[in-house]
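Hi everyone, thanks for coming. Please bring up the sequence and the 3D view, and we'll walk through a few spots together.

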Amino acid sequence: MDEYNRFVDWDKMDVTVQSQDAKELTCTEFQELKQLARQGYWSKNHSLRAKAYHKLISNIPCRTVTPDANVYRDIVVKIVGKRNSSSLPLPEFVDNSLVPTYCLNAEGIGAVRKIILCIANQFPDISFCPALPSVIALLLHYSKDEAECFEQVCRILACNDPSKRLIDQTFLAFESSCMTFGDLVNKYCQAAHKLMVAVSEDVLEVYSDWQRWLFGELPMVYVARVFDVFLVEGYKVLYRVALALLKFFHKVRAGQPMESDSIQQDIRAFVRDIAKSVSPERLLEKAFAIRLFSRKEIQLLQMANEKALQQKGITVKQKR
């Protein structure tokens with residue numbers, strides 16, 4: 001095995017990912033990277049994907065003072081101390097979201113919580129970020145140690161390129177992205193949208209789950225393929241994949257009775273068990289086959305939705 005296996009439980013991991021010889025990631029051209037990511041080029045080899053992630057994340061433009069691996073080594077003992085990492089309470093901003101274990105071993109599962117707490121310490125301005133546990137858990141599979149994983153996640157959070165939206169870190173950003181997803185469903189998946197309107201009391205409630213499908217319910221093999229492309233192409237990829245999930249859900253389940261009393265639970269269960277009906281390749285093919293879908297369109301929708309929420313005074317999550 002290689003230097004990137006410290007947190008991986010290889011019995012859970014798809015062993016075929018080790019079948020190819022490791023190659024270095026030499027290209028830097030955007031078009032070529034985009035093609036490699038979409039084709040799943042580095043999904044064939046664990047250490048190649050680790051190197052690709054490392055390289056792509058190192059190139060993210062960041063705030064000048066972005067915490068790095070040394071900061072983690074300095075603060076982790078003060079923050080975590082001698083407490084058992086599995087019982088560490090999570091910060092409120094992850095909103096009780098799932099902390100996926102994917103193919104992590106026991107050390108990796110504990111490390112996710114430690115890293116989340118250290119990020120909460122270094123990023124006091126994060127107020128809502130339910131995708132964070134999943135991103136940390138995924139990146140740990142491709143990190144040499146906790147400090148390296150922490151540094152990579154910090155770079156994603158500290159990205160300061162206005163044209164590159166990465167992870168929502170406020171309730172306003174999150175909520176407006178849920179509204180934007182709803183707008184996109186209404187436009188590009190009308191059949192699925194009709195079904196959602198027919199069977200749910202609150203369609204926005206259903207669509208507000210869209211990031212959870214990707215960062216929480218999707219199995220490891222799938223979320224890693226999505227993340228490959230996300231690191232190269234940015235946020236719009238997430239919308240595309242979530243739309244594709246909804247299209248497949250509608251196709252597979254159309255005309256069938258609901259399995260639970262809530263469409264939300266049904267979609268979550270479908271995404272968790274997606275391997276029964278759709279391969280990672282098919283999912284991405286479907287996602288990129290959606291026509292007439294530009295970053296510009298998404299930015300405009302997102303800005304309009306943020307503005308609408310601000311006018312209503314909705315900027316923080318209401319306590320239920």
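This is a predicted model: local features need pLDDT of at least 70, side-chain atom pairs count only at pLDDT 80 or more; totals for chains, interfaces and linings use all residues.

Let's start at Tyr235, which counts as buried at 5% relative accessibility; buried means under 20% relative accessible area, exposed means over 50%, and partly exposed is in between, using a 1.4 Å probe and protein chains only. Residues are numbered from 1 along each chain as its sequence is written, and side-chain values use heavy atoms, leaving out hydrogens and water.

Now, the rings. The structure holds 13 aromatic pairs. Rings of Phe, Tyr and Trp (for Trp, its six-membered ring) pair if their centres lie within 6.5 Å; planes under 30 degrees apart are stacked, over 60 edge-to-face, and the rest tilted. One of these pairs is Phe128 with Phe171, edge-to-face, with 5.0 Å centre to centre and 85° between the planes. Phe128 sits in the loop between helix 4 and helix 5 (132–140), while Phe171 belongs to helix 7 (residues 171–188), so this pair ties together parts that are 43 residues apart in sequence. Helices here are DSSP runs (H or I, at least four residues), numbered from the N terminus. Phe128 is buried at 4%, and Phe171 is buried at 10%.

Back to our two tyrosines: Tyr235 and Tyr239 are also edge-to-face, 5.3 Å centre to centre with 80° between the planes.

Next, how do helix 4 and helix 6 pack, and at what angle? Helix 4 (residues 106–122) and helix 6 (residues 146–157) pack at about 45°, with axes 10 Å apart; the axes are lines fitted to C-alpha atoms over the stretch in contact, and angles run from 0 to 180 degrees between N-to-C directions. That makes helix 4 oblique to helix 6, since angles under 35 degrees are roughly parallel, over 145 roughly antiparallel, 65 to 115 roughly perpendicular, and the rest oblique.

One last stop: Tyr102, in the loop between helix 3 (69–80) and helix 4. Its phi is near 45°, a positive value in a residue other than glycine. Tyr102 is buried as well, at 12% relative accessibility.

Technical notes. Helices (H or I, at least four residues) and strands (E, at least two) are DSSP runs, numbered from the N terminus.
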